[in-house]
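Here is a short briefing on one protein. Look at the sequence and the structure first, then work through the points below.

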Amino acid sequence: NTAGRILRRLAAVGVGADVVSGGELEVAAQSGMSPDRIVWSGVAKTDREIDRAITIGDRGILAIQAESIEEIDRIAARAKSANRVARVSVRINPGIEADTHAHIATGHDEAKFGIPIADADAAFDRLRASPAIEIVGASCHVGSQLTDTRDYGAAADQLASLVVSWRQRGARPTYIDFGGGFGIDYGTGCPVEPADFARLAREIAERHGLGD
């Protein structure tokens, strides 16, 4: 969204942004959104973009969402060279093929997004090994235009279990992001609303002891 007037209105009431490019980061920041409310998702981040995410503001953005183990190493190297500590969240690929159009399903085994759930422990070890990285969260996103909550809930349950295991190993992630992809009724019917996803997210978090 590049509509400055809308973004400034959102920033004024404390809304943040999920960006996927350096340009989007600058638009969000120049609209008044605090770096502490910005996360960066998506593959193919350039070194220059990572540098900007690490150095903007006093502490950089809230989280660079690492999409691969290799990207964790790149972020650590860029943070070390800038004498900063990068706040990093890991995007997990839960291996779930959401019931949506194939081109907007992002959580299955063949998708390019995220670290496979089977490699999550290896990613955690890599994060903990670098003093230039602070683990702040974990995220997933199984797809867009979801018209029921089943696949969303299955992925969220996996992610919550993972965060619990990380806490047991001494990490203190401050947020968990179950993704979005809420369906829109384009005339074909959509039996669920965003509130249904929100209720399910709260139920899953509380069941895993993550209600705080």
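Two strands pair if DSSP finds at least two bridges between them. Strand β4 and strand β5 (residues 115-116) are joined by two bridges, and they run parallel. The model is predicted. Its mean pLDDT is 87, and 92% of the residues reach 70 or more.

**Confidence**
- Residues 98-109 have a pLDDT below 50.
- This stretch still has 35 contacts in the model, beyond near neighbours in sequence.

**Strand β4 and its neighbours**
- Strand β4 covers residues 86-93.
- In β5, Pro-116 is the bridge partner of Asn-93.
- Strand β3 (residues 63-66) is joined to β4 by three bridges, and the two run parallel.
- Across that pairing, Ile-64 stands opposite Val-88 of β4.
- Strand β6 (residues 133-139) also runs parallel to β4, with six bridges between them.
- Here Ser-89 stands opposite Gly-137 of β6.
- A right-handed β-α-β unit is made by β3, helix α4 (residues 69-81) and β4.

**How enclosed is β4?**
- How many of the eight residues of strand β4 are buried? Eight of the eight are, so the strand is largely enclosed by the rest of the structure.
- Both faces of β4 are covered.
- On one side, Ala-86, Val-88, Val-90 and Ile-92 are buried.

- Arg-87 lies in strand β4. Its relative accessible area is 6%; buried means under 20%, so Arg-87 counts as buried.
- Arg-87 touches several residues from elsewhere in the sequence, among them Asp-36, Arg-59, Ile-64, Glu-134 and Val-136.
- Gly-60 is also one of the residues that Arg-87 touches. The side chain of Arg-87 reaches the backbone oxygen of Gly-60 at 2.9 Å.
- Arg-91 is in strand β4 too. Its relative accessibility is 10%, so Arg-91 is buried.
- The side chains of Arg-91 and Glu-67 are joined by a polar contact of 3.4 Å.

**Aromatic pairs**
- How many aromatic pairs does the structure hold? There are three.
- A pair of aromatic rings is described by the distance of the centres and the angle of the planes.
- For Phe-182 and Phe-197, the ring centres are 4.9 Å apart and the planes are at 40°, so this pair is tilted.
- Phe-182 sits in the loop between β7 (175-177) and α7 (194-207), while Phe-197 sits in helix α7. The pair therefore ties together parts that are 15 residues apart in sequence.
- Phe-182 is partly exposed, at 34% relative accessible area, whereas Phe-197 is buried, at 1%.
- Ring pairs also bring in Tyr-152: together with Phe-182 and Phe-197, this residue forms a cluster.

**Positions across the model**
- Arg-87 and Phe-197 are 110 residues apart along the chain, and 27 Å separates their C-alpha atoms.
- Gly-187 is in the loop between β7 and α7. Is Gly-187 buried or exposed? With a relative accessible area of 70%, Gly-187 is exposed.
- Gly-187 and Arg-9 are 178 residues apart in sequence, and their C-alpha atoms are 30 Å apart in space.

Notes:
Residues numbered from 1 in each chain as written. Predicted model: local features only at pLDDT ≥ 70, side-chain atom pairs only at ≥ 80, totals over all residues. Heavy atoms only, no water. Phe/Tyr/Trp six-rings, centres within 6.5 Å; stacked < 30°, edge-to-face > 60°. Helix = DSSP H or I, 4+ residues; strand = E, 2+ residues; numbered from the N terminus. Buried < 20%, exposed > 50% of the residue type's maximum accessible area, 1.4 Å probe, protein only. pLDDT = per-residue confidence, 0-100. Contact = heavy atoms within 4.5 Å. Right-handed = clockwise from strand over helix to strand, strands pointing away. Polar contact = N/O pair within 3.5 Å; in protein donor to acceptor, adjacent residues only side chain to side chain. Lists of a residue's contacts leave out its neighbours within four places in sequence.
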